[in-house]
Amino acid sequence: MKRLLQLGRAQPLAAVCLLIIACYAGLALFGELTYRWHEWRDTTPAYQQQDISRQYQPPSRDHWMGTDGLGRDVFLRLVQGTRIAFHVGIVTSCIAIPIGVLFGLLAGYFGGRIDDFIVWLYSTFAAIPGLLFILAIAMVAGKGLTGVYLGIGLTTWVGICRLVRAETMKHRERAYVQAARVLGFSAPRILARHILPNILHIVIVTFTLRFPASIGTEVFMSFLGLGVQGEPSWGLMLNSARTRLWQGVWWEMAFVTLAVFLLVLAFNVLGDRLRDALDPRLRDGGGPERN
Amino acid sequence: MRRIAALILLPLALGCAGRLEEDAALRDRTLYLSTLRIRGFDPAKVSDVPSAQAIQRVYEGLLQISYLDRPYRLEPLLADSMPERSADGLRYTFRLRRGLYFADDPCFPGGRGREVTAEDFVYSIKRIADRKVGSSGWWAFDGRIRGLNAFREASSASGPTDYTLPVEGLRAIDPHTLVIELTAPYPQFLWILAMHYGVVVPREAVETYGDRFSSRPVGTGPYRLTEWKRNYRMVFERNPKWAETGRGDRYPVSGEAGDAERGLLADAGKSLPLIDRIVSYVVADPATQWMMFLRGQLLETDIARDNWSVVVDAQGALLPELQARGIQLVVAPQLRITYVGFNMDDPVVGTNRLLRQALSSAFNAGEWIKLNNGRVRPAISPIPSALPGHEADYAPWRYDLERAKRLLAEAGYPEGRDPATGRRLELTLDLGRADDLELRQSAELLTAFFERIGVVLRLQFNNGPAFYEKLERRQAQLFYLSWIGDYPDAENFLQCFYGPNASPGSNRANYRNPAFDALFERARGMEDSPERTALYAELARIVIEDCPWLLLSEPLTYTLHHERLRNRKPHLFSFGMEKYYRLEASAPR
Amino acid sequence: MMRFVLRRLLQMAPTVLGVIVVTFVLFNFVGGSPARMKLGDKASPQALEEFDEQRGYNKPLFWGSRAPTRALADTDFAQQAGAWGTLPGAAWQDGVLRVSAASTWAPPFAFPLRPDSAYTWSVRWRVAGESAWAQTELSVARGDAAGAVLREWVGGRELELASISLRRVMDRPWDSQFVFYLRQLARLDFGVSSSANVPVIDLLREGIGPTLALAFPILLLETALSIALGLWSAYFRGRWPDRVLVLGAVVLMSVNYLVWIVAGQYLLAYRLGWFPVWGFESWAYLALPICIGAFSGLGSGVRFYRTILLDELYREYVRTAHAKGLGRGRVLFVHVLRNAMVPIITQVVLSIPFLYTGSLLLESFFGIPGLGYLSVNAINDSDVDVVRAIVVLGSVLYLAANLLADLCYAWVDPRVKLS
């Protein structure tokens, strides 16, 4: 708590971002609990309740953010969409980061054949047009969240792998690693105990920067119909909001856009600050991303 | 180096986008339409509606469906008259019109289109039977023409198919006489000849263009394709061969009662086609279509569900401001039934008729129509309301929540509880598109209907090929589909329940009922008669009772067009009908 | 120079092979059958099988002596009876198929088996009434079109079947889809599109023009604007114009791409009528998508170039230049910019392959018939050949661009030696 306050004083912007992210995380947790509760009770949750007689109602006291084409409450669905966004952000990171870190460590530490193989592997993946590759993997893995997780997870490990490999190569030559080697420690031990803690900041920074990117990609994929099937997600909501937008049904579009924007902004600003604080030399993997 | 790169890339980019907008005079003579993506111009290979529409502007068959007359009847197109039929109903003799020519094309010697002969029809039908072509239209001819199946067997031999191989039931007696012999009486066969599978293609074009025949159509029709930017637009222009060879196709002089009052006979007897040029844009998104229509970039548009309230008032009439702009509304039924199929091979829904009846009773047609903004009619029979055999008063499963709950309890799921798990019964609905919002919303509304009787419906979105593969393997439990009639005869709908047509055939529900099959086989060979209509009605009742389909709705099309577009009569089989349309000069701005 | 290029080309070979393997593996698991797509939903299984035969889709993937056949779907009787349900003399009950002895039935093949191929049956069965299940492989020599082998095997027994499947035996195990595919690639044959019925190469040729017409101006505009703003930002580094710009860049980056497009099309084109809504008739039609494309990439672009320029600003020569008394602007625009050329060119050259893939969303929304639009449609149609061709070519272009970037270094910066 004290440290948080310190942070707040030293980096007010970062603290605000952290607060925003925490709020979203709370909403996501709430969404998850709601989902589980209804799953367990075998009932239909409120955010799925339809009432065709109340379709397309503007924001009011009953429905803070209005209703959609099937008379469902936009606010409740928006909250529930947070759950999917966090699922995507966390699960894809859990796929990409371990692969990237492991391969990066191995390649950087052992060099030689292993390095050649891993460099070959990641240059192969890096050469394939990114978004198309993600969409294709998602198709193969089947529609639904699994496809999204695998698609994003299996393509984004490359950047992390590259950074970790370069950093490991540097550390390998450092005195403390040499000393550990002389002492006869095994390679896994050196990697896990000595090198890994020293490159952890890369992982943290990449995580904060990957997270919003994954959310963006999920929105895009759901929009194309490759994403979530039954649960509300921000991409699906944006897509359905689009159809009646120009008849003045602005609320779904506006609120979802705002929600996505705030979360992504918070993550981006926080990521920048973290990078500046932990390792200013780390750069974006490349220039502008394209889709 | 930089300069070189710029030199290479810039003109490339410029050359590709540098087209100017069409000038006003040309715009005035052009019919601007929108279409969905088409799958090419090879009549043997496509099976979707937009492609068939494009194809029948360029290609023609022996017969066509009347434009103005109702009920729909067949009339000769490339044939001189309706065919003579032998007494046993097996042998049809067609006489061809004289002086029919293919459009000019480099595939012909000297680039001049040659005269069409009866041999061309023999070739075109053989081509559909050719295994190497892999036609999607084989189902329409399979087992119908004597000797054609043997030709198909022979075509699987290695090497190019030998088209000189004679087929007993498909002969050109002389250049202008074609004889077709069927294996069994099948009166619907003539309707099939009016479909795009029955059009005539020149052998020279097929052989010259090979794989690319699909993008180089060469036909006899009123238009020819002059430009095709795939996924963007097609341009059709009047086929000059018609004027050159003096083809005398004329606008019909008579029609249905009332056509004259509607101004549909103003052009009676005029030489076709009436419009010089058709531009067809590939626009899938309804919102975009609508914006283009309002800006005059399209002369005609369908009203999508979500545009409804800005077009039509509560009484279903066009809003005054649109009327003032000279926009007209045309409402027309479609020969189409949207349904949720139950896979009869599924252990849960297939064996439990009460469950299917319960789910059918839970379908709330009123809310369904509201979601669709009134653009659909409830479907109560597997035979659409436009066809003989439909019984408007026989609808045992109209929405009734109490009955649905009762039936569900009788089916073994009291209040939806599955005794095996103790939880609510869970069913899965497969859908064939993932990017279609209207479909998604409709399916979500279905989940709400089922939820009210305590049944959980999970949605499974697939893309087209994956969906059909699932159906073919009988792996889908419930599936959302619609059947579009190929011709105005209830047989085309009832064959969806014929046992031998089970998956991978058109009987996707895998419905099998020996009583139904026996009756159907009897009805199939019969001529149109009150007895046959009664038989159709009986068949429909069997299906309704067994509920292999949860009947959803019969869609209507609501089309808007600018007043300049004349002679536009709604048509269930609007393939190649643009030749009857006329454009008035636009008012000077 | 030539030796360098050659060596780099050799180094590229394994990566190209890797790309081919990865795409092949990926796209051969794509759901949906190309045959079904091509022949439509009314085609018979035999027609589908013949189509597969022509295109090599009925072979094993990499290696193997067993290949699937459409003559009979694998059936797990615990789930359903499938085509076996109608078999006379067989009854499906409680998740097993009972096959009785006396009848003269034949397996429910969708079409007769190929006379020139051997097959094998794989059956899980037990004698009626017993509890233990047995698994049997039955091989069928050539010419058993009607499945007599299976009938004879059942013989006079009363059996219960749990599952049954049929596989075709391949004579040469290396006669696989992968080898078929490599051969195709070697001939520069990308196959035939299953949804458009024309060779894929035609589609690529038609699509590349519109894609470049959109993507090239986007790249130019975006790079020019980004560098200009990056310079501006670097010039004022640490002061308020820089801060505002950096913050603005993050804000721009955080707006979802979809929102740019929807808002642009709705507000600028539909509401205000400044641009055409949709179409590809003239440059006017491209203006809006180009602006949206450039604008949406501006945030990350500005940040990227600012970082590069700032990196340069802390170098020795900058200090020297200042010491010589050169003005701040002159140092920045002449010295720094020239020296930052290397990373800038890398960035631009490496973007070239993305020009080719095009912009999936922009093209779909604005009706620009380019490769991006083609890809989206192909993915929705499971048009494997098209997606695979675009991916493989895109990858090769990326590698080529890498090489080009290396060459550019040497051209811009004489200190870099090609070795």
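Across the interface of chain B and chain A, 9 residue pairs are in polar contact, both residues of each pair being at pLDDT 80 or more. On the chain B side, helix H10 (286–294), helix H13 (365–371), helix H15 (437–452) and strand E16 (455–461) each supply at least two of the residues that touch chain A. H15(B) gives the largest share of that side, 8 residues. By class, the side of chain B that touches chain A holds 10 nonpolar, 8 polar and 13 charged residues.

The model is predicted. In it, 31 residues of chain B contact 28 residues of chain A. Asp306(B), Arg423(B) and Leu437(B) supply 22% of the area that chain B buries against chain A, more than any other three residues. The rule also finds 5 salt bridges between chain B and chain A. Asp42(A) forms a salt bridge with Arg417(B), and the closest N and O atoms of this pair are 3.2 Å apart.

Chain B also meets chain C: 64 residues of chain C are in contact with 59 residues of chain B. The interface of chain C and chain B has 5 salt bridges by the rule. Asp202(C) forms a salt bridge with Arg212(B), with the closest N and O atoms 2.7 Å apart. Between chain C and chain B, 11 residue pairs are in polar contact, again with both residues at pLDDT 80 or more.

Several helices of chain C each supply at least two residues of the side that touches chain B, among them helix H2 (34–39), helix H9 (283–313) and helix H15 (384–412). The largest share of that side, 9 residues, comes from H6(C). The residues of chain C that touch chain B divide into 34 nonpolar, 20 polar and 10 charged.

| Interface | Buried area | Share on carbon and sulfur atoms |
|---|---|---|
| Chain B and chain A | about 2500 Å² | 44% |
| Chain C and chain B | about 5700 Å² | 54% |

The remaining item is a helix pair within chain A. Two packed helices are described by the angle between their axes and the distance between the axes. The axes of helix H3 (residues 74–110) of chain A and helix H8 (residues 187–223) of chain A come within 7 Å and cross at roughly 145°. The crossing of H3(A) past H8(A) is right-handed. The contact of H3(A) with H8(A) has 21 nonpolar, 4 polar and 1 charged residues.

Methods
Residues numbered from 1 in each chain as written. Chains lettered and ligands numbered in written order. Predicted model: local features only at pLDDT ≥ 70, side-chain atom pairs only at ≥ 80, totals over all residues. Heavy atoms only, no water. Contact = heavy atoms within 4.5 Å. Buried area = accessible area lost by both parts, 1.4 Å probe. Salt bridge = Lys/Arg side-chain N within 4 Å of Asp/Glu carboxyl O. Polar contact = N/O pair within 3.5 Å; in protein donor to acceptor, adjacent residues only side chain to side chain. Helix = DSSP H or I, 4+ residues; strand = E, 2+ residues; numbered from the N terminus. Nonpolar A, V, L, I, M, F, W, Y, C, P; charged D, E, K, R; others polar. Axes fitted to C-alpha atoms, helices over the stretch in contact; angles between N-to-C directions. Left-handed = near helix turned anticlockwise from the far one by under 90°.
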